[in-house]
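Have a look at the picture first, then read on.

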Amino acid sequence: MSRETRLPVLRDQHHALQTCVYCPKLCRTTCPVSRAEPSEVLTPWGKMSLGFELTRTQGQVRTEDARPVWGCTGCGACTAACRHKNPVESTLYAARAEAVARGAEAPGHVNEPGLADRLTAIGAALSERPARARGETGQKNNLGDLNAPTALLLGCAYLKDPELLAAVVKLAEHLLGSVRILNACCGAPWLHLGRPEEARQARRDLKQKLRGAQQLIVADPGCMVTLGASTDITSRLLLDVAVEEKERFSRLPASAPEPPYRWHDPCQLGRGLGRYTEPRLLLEQLNGARPLEFTAAGEDAACSGGGGALPRTLPGISADIADARIADHSALGGGTIVTACGSSLRRFRSRGASAVDLHQLLARALPDHG
């Protein structure tokens with residue numbers, strides 16, 4: 001089949017697919033999915049080869065045949081190890097979209113009724129947050145100050161834990177003053193589900209709700225990576241603001257989760273945004289000591305299994321990935337796992353680990369914490 005007759009979803013990824021297909025598989029040991037379920041088709045090479053085949057064929061795709069392209073957490077470890085820095089993560093998301101367009105369904109239970117509502121009903125979660133005291137404008141409600149020049153994007157994963165949600169908002173308001181909390185989504189969940197049009201619509205909705213704002217503060221690093229430079233205003237990571245203001249934080253109170261703290265590098269914060277030193281400096285500021293480390297840390301850090309929709313599409317593999325990370329934590333002496341990714345936090349806690357988000361610790365260390 002000629003390039004002109006291929007479906008357009010994967011056309012832009014043709015070079016990336018070819019690069020992987022003809023590679024001697026030097027990155028095969030980096031993938032957490034293929035380590036959890038040893039299979040040639042789940043290595044980066046195997047999954048990209050399937051994507052390559054999708055560019056060479058037409059017609060319907062069976063769900064079971066497309067399963068490997070869903071075996072990716074988006075951790076970026078294979079790209080980090082690749083001599084060509086091949087964009088495997090984004091290519092596999094495009095392969096999911098093509099498979100869905102040709103009749104395949106995502107494995108697991110992602111198509112059950114109500115999923116769309118759960119992914120986009122951010123306003124419902126925010127409505128449970130007590131309304132802020134009204135200011136002179138009378139425009140403050142559950143979404144913060146509707147006239148504030150600073151907009152705050154939380155991230156879907158942070159909305160599933162009321163305590164974590166409250167901590168992130170408190171931290172942002174302490175560091176930045178009045179903020180406008182966006183009832184919006186960056187589109188990442190839709191990309192992970194192979195539904196790019198819904199992702200584009202989410203970004204259009206986000207840009208609409210950013211009107212009048214002078215800067216966008218993003219809590220979830222995955223959202224920051226997904227948005228990239230797609231907004232027309234300055235975007236900053238909330239943790240970066242905290243680093244700049246780290247002298248404003250006190251030592252953690254006795255009511256904080258018990259140390260020792262072991263830092264887990266979230267894939268999107270680390271390999272995605274290059275933030276390795278900054279969260280460790282914050283933890284040292286809060287605790288008076290550098291955090292403990294996993295056996296694999298920094299750019300070599302292992303994934304939590306919480307990304308790329310894997311907990312929903314391939315839950316057994318996702319659980320095995322998390323269990324391996326927790327087993328390493330326990331073998332090194334245990335303690336409390338600290339991360340800065342809502343998906344990682346949920347994944348670790350669901351597997352029985354003692355875990356806390358760095359935003360929560362920062363909120364507890366504020367001078368006016370009560």
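Which strands does helix H18 lie across? Helix H18 (residues 342-350) lies across S9 and S10, and runs at about 165 degrees to S10. Keep in mind that this is a predicted model, where local features need pLDDT of at least 70, side-chain atom pairs count only at pLDDT 80 or more, and totals for chains, interfaces and linings use all residues. Residues are numbered from 1 along each chain as its sequence is written, and side-chain values use heavy atoms, with hydrogens and water left out.

**Reading the terms**
- Helices (H or I, at least four residues) and strands (E, at least two) are DSSP runs, numbered from the N terminus.
- Axes are lines fitted to C-alpha atoms, for helices over the stretch in contact (heavy atoms within 4.5 Å); angles run from 0 to 180 degrees between N-to-C directions.

**The sheet**
- Four strands form an open sheet in the order S8-S7-S9-S10, with parallel pairing; two strands pair if DSSP finds at least two bridges between them.
- At the edges sit strand S8 (292-293) and strand S10 (355-357), each pairing on one side only.
- Strand S9 (residues 336-339) pairs with S10 over three bridges, and Thr339 has Asp357 in S10 as its bridge partner.
- Helix H15 (residues 277-287) lies across strand S7 (261-263), S8 and S9, at about 170 degrees to S7.

**Two packed helices**
- Helix H3 (residues 44-56) packs against helix H6 (residues 88-101) at about 45 degrees, with axes 10 Å apart.
- Where they meet, H3 brings Lys47, Met48, Gly51 and Leu54, while H6 brings Val88, Thr91, Leu92, Ala95 and Glu98.
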